[in-house]
Amino acid sequence: MKLFALKGSENLGASVARALWTELDPCEERDFEDGEHKSRPMVSVRGEDVYVLHSLAGSAGSSVNDKLCKLLFFIATCRDNGANRVTALVPYLAYARKDRQTRSRDPITTRYIAQLFEAVGTSRVIGLEVHNFVAFQNAFRCETVHLDARRLFCPEIRALADSMPVVFFSPDGGGIKRAQLLKEAFEADTGLTTGFGFMEKRRSRGVVSGDLYAGDVKGAVVFIVDDLINTGGTTLRAAEACRDQGAESVYAVATHGLFNPGVEKLFECPAIDRIMVTDSVAAALEAVVNFPKARIDILPVGPLIGEAVRRLHTHGSIADLLGVED
């Protein structure tokens, strides 16, 4: 096995390598004055089972498109140099939120991204908590593996809730299934019975609306569940609604902490007690440093990804990592 992590994803890559009791293999990356770049493995990959990790969230000095091109080019380079298989480890998959047409002539970027990975010879794509699991599976013709972070969050939720009643809450209709799955996983792990709620959200030309609210949160510890937090507007809106309905405390739970400009309002909002995310993107760790009062808890996903790689490499079962029956 050969394991690489591209620039911007080295910390997570090192965490995955530790879980595998190995080290990252060296690679070279060069950026040129005109914006072009090149990358290559610094060890032979001929005949090898290669894993390349890169989280496709934009950051200062490196856009989503830059990271995507670098990952695709590196995969193609490995195939050109004789790699037997190349698996893309993409903890955060860019462009996955646009998985269907909602307006005339809309793009379906999830499918386009899949075609790009397939075009460069990717054997398998491993994603973590993609925006739409079904769309992710259907878009790719190559093998896909979808990991989720439910089991990582459950012990933390149990500790935060203590003996209080728990309600899982979706901030919009599209995330109801995701919140329900976390609810079911928590109840299976703890034997407790929990409540559920959601609110309506419609977005048109950047304007969010919708007043429908469902669920009883009075006197309960509420966990608002989403796949990602970008600017935090959706989470903030749901948190304030839950507080208005009498929630005792409110926590935000999301796998990907993108934390783009504007998220400061969420960090400063008294309606949110704490924010729980993973280290799937570097922005989450940077936010802890840049916003020391933001009350952010970071859960590591390196061990989960590493275990998935180990089992796939040895042809073992990964059903329990996927939250499905074998």
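**Close-up views of the predicted model**

**View 1. Phe259 sits in the loop between E14 and helix H8 (264-268).** This model is predicted. Phe259 is not a glycine, yet its phi is positive, at about 50°. With a relative accessible area of 11%, Phe259 falls under the 20% limit, so it counts as buried.

**View 2. Arg295 occupies the loop between H9 and E16.** This residue, too, has a positive phi: Arg295 is not a glycine, and its value is near 60°. Is Arg295 buried or partly exposed? Its relative accessible area is 29%, so Arg295 is partly exposed.

**View 3. Seven strands build an open sheet with mixed pairing.** The strand order is E12-E9-E8-E13-E14-E15-E16. Strand E12 (213-214) and strand E16 (296-299) form the edges, and each of them pairs on one side only. Helix H5 (residues 150-161) packs on this sheet. H5 touches E8, strand E13 (221-229), strand E14 (249-257), strand E15 (274-278) and E16. The direction of H5 makes about 165° with that of E15. Helix H9 (residues 282-290) lies across E14, E15 and E16. H9 runs at about 145° to E16.

**View 4. Strands E13 and E14 run parallel and are joined by eight bridges.** Phe223 stands opposite Tyr251 in E14. How many residues of E14 are buried? The count is nine of the nine, so E14 is largely enclosed by the rest of the structure.

**View 5. Strand E8 (residues 166-170) pairs with strand E9 (residues 195-199).** The two strands pair in the parallel sense, over four bridges. Opposite Phe169 stands Gly197, in E9.

**View 6. Helices H5 and H6 (residues 176-190) pack at an angle of about 65°.** Their axes are 9 Å apart. The crossing of H5 and H6 is right-handed. From H5, the contact uses Arg150, Arg151, Phe153, Cys154, Ile157 and Arg158. From H6, it uses Leu181, Leu182, Ala185, Phe186, Asp189 and Thr190. By class, the residues of the H5 contact with H6 are seven nonpolar, one polar and four charged.

**View 7. Helix H2 (residues 64-80) packs with helix H3 (residues 109-119).** The packing angle is about 30°, and the axes lie 9 Å apart. Angles under 35 degrees count as roughly parallel, so H2 and H3 are roughly parallel to each other. Which residues meet in this pair? H2 brings Leu68, Leu71, Leu72 and Ile75, while H3 brings Ile113, Leu116 and Phe117. The contact of H2 with H3 divides into seven nonpolar residues, no polar and no charged.

**View 8. Strand E5 (residues 85-90) pairs with strand E6 (residues 124-128).** Pairing here is in the parallel sense, over four bridges. Val90 has Gly127 as its bridge partner in E6.

**View 9. Ser39 lies in strand E3 (residues 37-41).** Its relative accessibility is 12%, so Ser39 counts as buried. Which residues does Ser39 touch, not counting residues up to four places away in sequence? They are Glu28, Glu29, Lys70, Phe74 and Thr77.

**View 10. Ile305 lies in helix H10 (residues 302-313).** Ile305 counts as buried because its relative accessibility is 4%. Leaving aside neighbours within four places in sequence, Ile305 is in contact with Leu12, Val16, Leu89, Pro91 and Leu147. Cys27 is 278 residues from Ile305 in sequence. In space, Ile305 and Cys27 are 20 Å apart, C-alpha to C-alpha.

Key: Residues are numbered from 1 along each chain as its sequence is written. This is a predicted model: local features need pLDDT of at least 70, side-chain atom pairs count only at pLDDT 80 or more; totals for chains, interfaces and linings use all residues. Side-chain values use heavy atoms; hydrogens and water are left out. Axes are lines fitted to C-alpha atoms, for helices over the stretch in contact, and angles run from 0 to 180 degrees between N-to-C directions. Angles under 35 degrees count as roughly parallel, over 145 as roughly antiparallel, 65 to 115 as roughly perpendicular and the rest as oblique. Contact means heavy atoms within 4.5 Å. Ala, Val, Leu, Ile, Met, Phe, Trp, Tyr, Cys and Pro count as nonpolar, Asp, Glu, Lys and Arg as charged, and the others, Gly among them, as polar. Two strands pair if DSSP finds at least two bridges between them. A crossing is left-handed if the near helix is turned anticlockwise from the far one by less than a right angle, and right-handed if clockwise. Buried means under 20% relative accessible area, exposed over 50%, partly exposed in between (1.4 Å probe, protein chains only).
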